[in-house]
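Dear colleague,

I am handing over the structure below, and after it you will find what I noted while going through it. Please read the notes with the structure open beside you.

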Amino acid sequence: MNSRLYMRRKMSFPLFEIALLKAVDKQLLEISNELGIGLNLQEMKTVQQYFGGKRRNPTDVELQTIGQTWSEHCFHKTFKGKIEVDGKEIDGLFKTYIVKVVEEINPKWCFSVFEDNAGIIRFNKDYGVAIKVETHNHPSAIEPFGGAATGVGGVIRDILGVWANPIACTDVLGFGPLDFNYEKLPSGVKHPKYVYMGVVAGIGSYGNNMGIPTVSGAIYFDESYTGNVVVYCGCIGLLPLKKYRRNANPGDVIVLAGGKTGRDGIHGVTFASAELTEKSEEISRPAVQIANPIEEEKLKRAIITIRDLDFASAITDLGGGGLSSAVGETARRFGCGAVIELEKVPLKYTSLAPWEIYISESQERMLLAVPTTNLQKVLEIFENEDVEATAIGKYTADNALQIYYQGEKVADMDISFLFKPPKITKKAEYKPTIFEDPLFPEPRNLTETLLKLLASPNIASKESVIRSYDHEVKGNTVLKPLHGEQAGPNDAAIIKPLKDSWKGIAISCGMNPNYGRIDVYWMVASAIDEAIRNSVAVGGRRIALLDNFTWGNPEKPERLGSLVRACEACYDFAKAFRTPFISGKDSLYNESPLGPITPTLLITALGIIPDIRCAVSMDVKTPKNPIYIVGQTCAELGGSEYYKLKGFTGKSVPKVRSASARKTFRAITNAIDSGFTKACHDLSEGGLGAAAAEMAFAGGYGLELHLQKLPATNVNRNDFALFSESNSRFLVEVQQESKKEFEALMEGNAYAKLGLVTKSPWLRIYGLNGRVVVDAALNDLMTSWKHTLSGGV
Amino acid sequence: MKREEVKVCVLRVGGTNCDAETKRAFEELKVQADIVHANDVVRRRNLLEYHVLIFPGGFAHGDYVRAGAIWAKWILAKLGTELKAFVDENRPILGICNGFQVLVEAGLLPGFDGMSLYPEAALATNLPPGYNCRWINLKQENRGKCVFTRHIPKGKTLYIPVAHSEGRFMFVKQKEKQLLERLYETDQLVFRYCSKNGEYAQGSFPANPNGSFHDIAGICNSEGTIFGLMPHPERAFYWWQQPDWTKQMQMPQYGDGKLVLEGVIEYLTKKF
């Protein structure tokens, strides 16, 4: 450290002034680096100018606060900044694509979108549903158990932060191949198996301990996840809409409640906004927090009580940036200033410097704004739940953020300055990939191919993981992630949140990272289609989406170029399907010594089912019932699991034909509502072959199908017909006596009766030439599907 | 007493998390049910206002040390007198999952000779290890002592989910045989894990989801008034909670969990 730049004030506690005013460019960057605040030169100069106007040097508390507030993680500079691409300028990806599509669709049922840490939609007249999905990739790479657990804890607080009671969790995970060669593992990268076990245990531990069912999710394996694990944690909550209070006023007391503050989670956000290196573990271990789900459970009880009694005027969670973000953001939102007395913050141990207290990301903490008249009552409610709560300051009528420590003013800045970081312009460049479709003969034995496909890690049963999560607690899980005795893979989970209503919520997801290798545009389109069709398959409708980006370093024009293209697709397909984005999150800088992550977009769909009694599961029900396919099959195998199995990537990535897809979705919804749809399963990884096998062994009855009848374009091989991953397709079992009605509903869509359910436990598929191409016992299919990941976690 | 006079106390503490659905199930049975924080009972000393005490599922106090251990000691220290009076008056107590662990740790179960100073059994970590959430079959083994299951025919199988990582019922190895005999003699065995067809699981996973000794899933005390079980009857209460409801043409209105919860009300309305 260059000691001339830092001057300790003569205090009984550590407080430094930083000689910013006279610093030259090189020193500005040195300061940013040494304080670990991750600001670039342009930003440091803006800070210098601001304090130049005040004619004084900033304190460490002030600089750290700015560093947190302006971090990629908190401010989403890439999504809000300017981007130059192909000679044109995009003024904010978020505004240009994501917000725009929501404004254009503008559904009446959106209650609060992009305003809070979670999106809220109307559920019925009185209730709203809040939803949020977080990324916790960086911490999970360093410390898998803690990183994943605090990811769950954090997203649950996002839900509490809009006054909602958490009712379900989701998790979508991405790991490197579990059989990754140890010798190829670079120093500082943990083996995928270790990461997998830690992350799964972390997620289960937090959700189970808090008593929130983990009902939906997915696990993908990809080489590029070896150095960059993907951890998406989602939470869904329920709130009475009239209890959504957001009206803090000057004079309201700032109450900090929950766990004590320590050094865990210092600089979590700046760490999350940088690439992982060999030294990340050594340097950034303190950035990963320690989880205590029981603390959060108690916190939740108190918050719900305070909500129901209308005792507080606002609430927010403490996540990235700790107090610095929570205080700053609430003050800005309510047009207030704030005065904080840092010595009042309860600490895990003494000797924390004021700046550490202010930016620590210790878990299980929430911030409430409480009118003075209710303060005593609020503190009592926390006490009854054995939760520590402390008044640490007040909102004020000015625009200043003033922080004191033991009577000494340690920070004094304008809130408006804090939330106006300089707009950064980044360069983006899009380069199409050069892949070709492979040439290889059709395999002779497709039964064997199907068995192998079912065993491939991305398709194989995730039962051993799902059972380690409590998906039944609260007793409201109507459609479970594992269906029935054979634990078939349901397309979406359904929750019945209210005792006196049959209305339900369908939760599903879509993610196709392998398509992104070929074209991120169609990857995004496919993820949106998949999330929606999963919801539609169980009876969901009125669908809202969440977007979660996991990308590489946006400073690199190519990475940013593909991000722009992904956002274009988000706009195009959300618009086409009339499905607004209500919340989202981005995690950038996912790069490790093994290279960048493959662009990965998770789409989460939140659908409504008017009556859960009409919900449809994916298992076949009754022999002799006809099986229909709905949706057109094309020769789209680029990025498919089948090509992957054969060692290819290919070029013909599945497209989304939104006009016909929308029509198909509507027809399926009608067929489900009519009551004669007995089973419905979406076609995704592994195509028709995998979907048919899953439906059959989940139901315990066989299927006899004829590929000759398949509505298809340019599909002249049995393997392509079976394993194409064309979007917007469903397999549907219809009750025998209702064939005509079903066909009438499908009028105008590509559909065909492919075959029927059989009593014998066999999957028999006749090929394009009428000869049997797949002939397998359900037991063998199921064993293949269940074996791969059965080792448990 | 009349059914609507029955008051059920669903006790909770930090980490309890199955209280709401347990209360909902009892309310569906047309009795009064309150979720009460243990701190409140300590403050108000009002435990004896209730006729049934439920220790619901969850992770009381984080289940640090050993599942149920902390809450058990806490209760004995802070509410010991009231709890003893409650037991002595033969008012029923039910422990579900974490609640079962609490009752064992508190020495209330198996309670061969009344409350024991030290636990006489344990609910150890599952074998195979790890948290497991699944539907299992139970066989009713009790000959009539347990007040919760009196109306369920002996030998009937029930379909109810489990979700826990510490549910392996065991005695001290050396006394295993002798204590099991005692369980049978005094009619304290209530539920055993079995297959769909009602054959005992014989320790085989997943029919026996945790490796419990003798496939034991639930036992009662020697008076039959205190009952603990690992499975969650409150999650098998309504038809739409069943895992196979989409397959059924005609679902009964309730699941088997209702049978486990309603027996105690019958007992109370007759006895008091």
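Of the 272 residues of chain B, 63% count as buried, where buried means under 20% relative accessible area with a 1.4 Å probe and protein chains only. Please keep in mind that this is a predicted model, in which local features need pLDDT of at least 70, side-chain atom pairs count only at pLDDT 80 or more, and totals for chains, interfaces and linings use all residues. Residues are numbered from 1 along each chain as its sequence is written, chains are lettered from A and ligands numbered from 1 in the order in which they are written, and side-chain values use heavy atoms, without hydrogens and water.

Chain B exposes about 10200 Å², of which carbon and sulfur atoms supply 51% (accessible areas come from the Shrake-Rupley method with a 1.4 Å probe). Its C-alpha trace spans about 50 × 45 × 35 Å along the principal axes. The secondary structure of chain B comes to six helices and eleven strands, both being DSSP runs (helices are H or I with at least four residues, strands are E with at least two).

In chain A, the axes of helix 20 (residues 520-538) and helix 21 (residues 557-577) come within 8 Å and cross at roughly 35 degrees; axes are lines fitted to C-alpha atoms, for helices over the stretch in contact, and angles run from 0 to 180 degrees between N-to-C directions. By class, the contact of helix 20 of chain A with helix 21 of chain A has 13 nonpolar, one polar and four charged residues, where contact means heavy atoms within 4.5 Å, and Ala, Val, Leu, Ile, Met, Phe, Trp, Tyr, Cys and Pro count as nonpolar, Asp, Glu, Lys and Arg as charged, and the others, Gly among them, as polar.

Methods: Buried < 20%, exposed > 50% of the residue type's maximum accessible area, 1.4 Å probe, protein only.
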